Amino acid sequence: MARSLKELGEMIQRSEANIRADMQDLKAEVKRMAAAVEEVTKTAEHAKELAEANVNKIETLTKRIAYMDDRQRRRNLKFAGISEDIQNKDVEGVMLNWFMEQGISTEPNETERVHRLFTPRRVAGAPRGVIVAFARRKTRDQIYKSLRQKKDLQLKERKVIVRQDISQETIQDRRRMQQFAQALFNDKILFSWAHPATLVVFKDGKKYSARNPEEAKKMLADLRVGLQEQAEQELLSEEEDLQDEQGESTEESPVQGKEKKRRRGSRGEGTS
């Protein structure tokens with residue numbers, strides 16, 4: 001009996017030793033797993049930081065490409081509504097004659113090229129747009145301003161719409177600001193576009209500007225303009241201005257002209 005108890009005690013001791021050894025192994029394994037999890041976490045965080053940095057770089061590069069694209073287009077005007085019945089070889093002469101009908105005189109050397117958009121011709125629907133590239137930005141600005149002052153532009157009994165030629169990236173940026181432009185339009189507040197998609201308002205001697213939807217919401221609140229769901233309209237061409245190299249708009253909107261005259265009057269300056 002005593003022997004059996006002794007053997008039982010020894011067996012219990014061996015079991016406890018084995019359990020302690022297993023626990024030590026388990027603790028070591030848990031420690032290794034914790035270290036591995038920490039390493040994976042660090043790797044994941046580093047990958048996230050790299051991904052965010054790459055997203056920022058891609059966004060920056062995209063904006064630079066869009067800016068360069070817009071600069072290449074800055075001497076162009078885009079015309080919508082020009083009938084496809086006009087052959088490509090005739091479109092330049094037709095457009096120059098149309099300018100003359102609108103009271104705009106142009107010399108042959110003032111245009112570099114006139115062509116349709118390089119997209120497949122559609123069997124039905126709206127005709128492809130026409131691009132007129134001018135030799136100088138100043139000429140384009142003068143013609144654009146003259147045409148914008150006219151109503152109901154038509155060519156061969158079709159309505160003609162004239163717009164500046166801007167990149168798809170800039171168009172998308174302005175579409176994101178569309179509802180805010182619509183709210184200003186509905187409230188009869190004059191505004192202008194600065195490159196690439198900045199809304200600019202001059203009111204009561206103060207300048208307001210918004211470069212993104214968050215800033216636009218604040219601007220509307222400051223102007224006490226309500227923001228509602230608006231039906232999408234073609235406002236992208238309203239008071240559009242691309243900036244020059246220094247970042248200032250080269251085309252003055254009507255409200256900017258009035259504001260300048262008001263400031264000159266308050267300082268007692270004459271106007272020419």
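This is a predicted model: local features need pLDDT of at least 70, side-chain atom pairs count only at pLDDT 80 or more; totals for chains, interfaces and linings use all residues.

Which helix is glutamate 101 found in? I looked, and glutamate 101 belongs to helix α2, which covers residues 91–101.

**Whole chain**

I zoomed out for a moment. The protein chain has 272 residues, and 33% of them count as buried. I found seven helices and nine strands listed for the chain. Then I looked at contacts with a separation of 6 or more: 63% of them are between residues 24 or more positions apart. The chain exposes about 18500 Å², with 51% of that supplied by carbon and sulfur atoms.

**Helix α6**

Which residues of α6 are buried? In this helix, residues 213–222, I got Ala216, Met219 and Leu220. They are on the same side of α6, because they cover an arc of only 95 degrees around the axis. I remembered the general rule here: an α-helix has 3.6 residues a turn, so residues three or four places apart point the same way.

What do the buried residues of α6 pack against? I noted three elements: α5 (178–186), β8 (198–203) and β9 (206–210). Then I turned to the other side of α6, where Glu214, Lys217, Lys218 and Ala221 are exposed.

Asparagine 212 caps the N-terminal end of α6. One of its side-chain oxygens lies 3.2 Å from the backbone nitrogen of glutamate 214. After the helix comes arginine 224, and its phi is positive, near 60 degrees.

**Strand β6**

Last stop: the strand at residues 161–164. Which residues of β6 are on the covered face, and which on the uncovered one? Val162 and Gln164 make up the covered face, while Ile161 and Arg163 are on the uncovered face.

I also looked for a partner. Strand β1 (residues 76–80) pairs with β6 in the antiparallel sense, over four bridges. Within that pairing I wanted to know what stands opposite arginine 163 of β6, and the residue is lysine 78.

Note on methods
Residues are numbered from 1 along each chain as its sequence is written. Side-chain values use heavy atoms; hydrogens and water are left out. Buried means under 20% relative accessible area, exposed over 50%, partly exposed in between (1.4 Å probe, protein chains only). Helices (H or I, at least four residues) and strands (E, at least two) are DSSP runs, numbered from the N terminus. The arc is that of the directions from the helix axis to the C-beta atoms. Contact means heavy atoms within 4.5 Å. A polar contact is a pair of N or O atoms within 3.5 Å; within protein, one must be able to donate a hydrogen and the other to accept it, and residues adjacent in sequence count only if both atoms are side-chain atoms. Two strands pair if DSSP finds at least two bridges between them. Accessible areas come from the Shrake-Rupley method with a 1.4 Å probe; for residues, only the protein chains shown count as cover.
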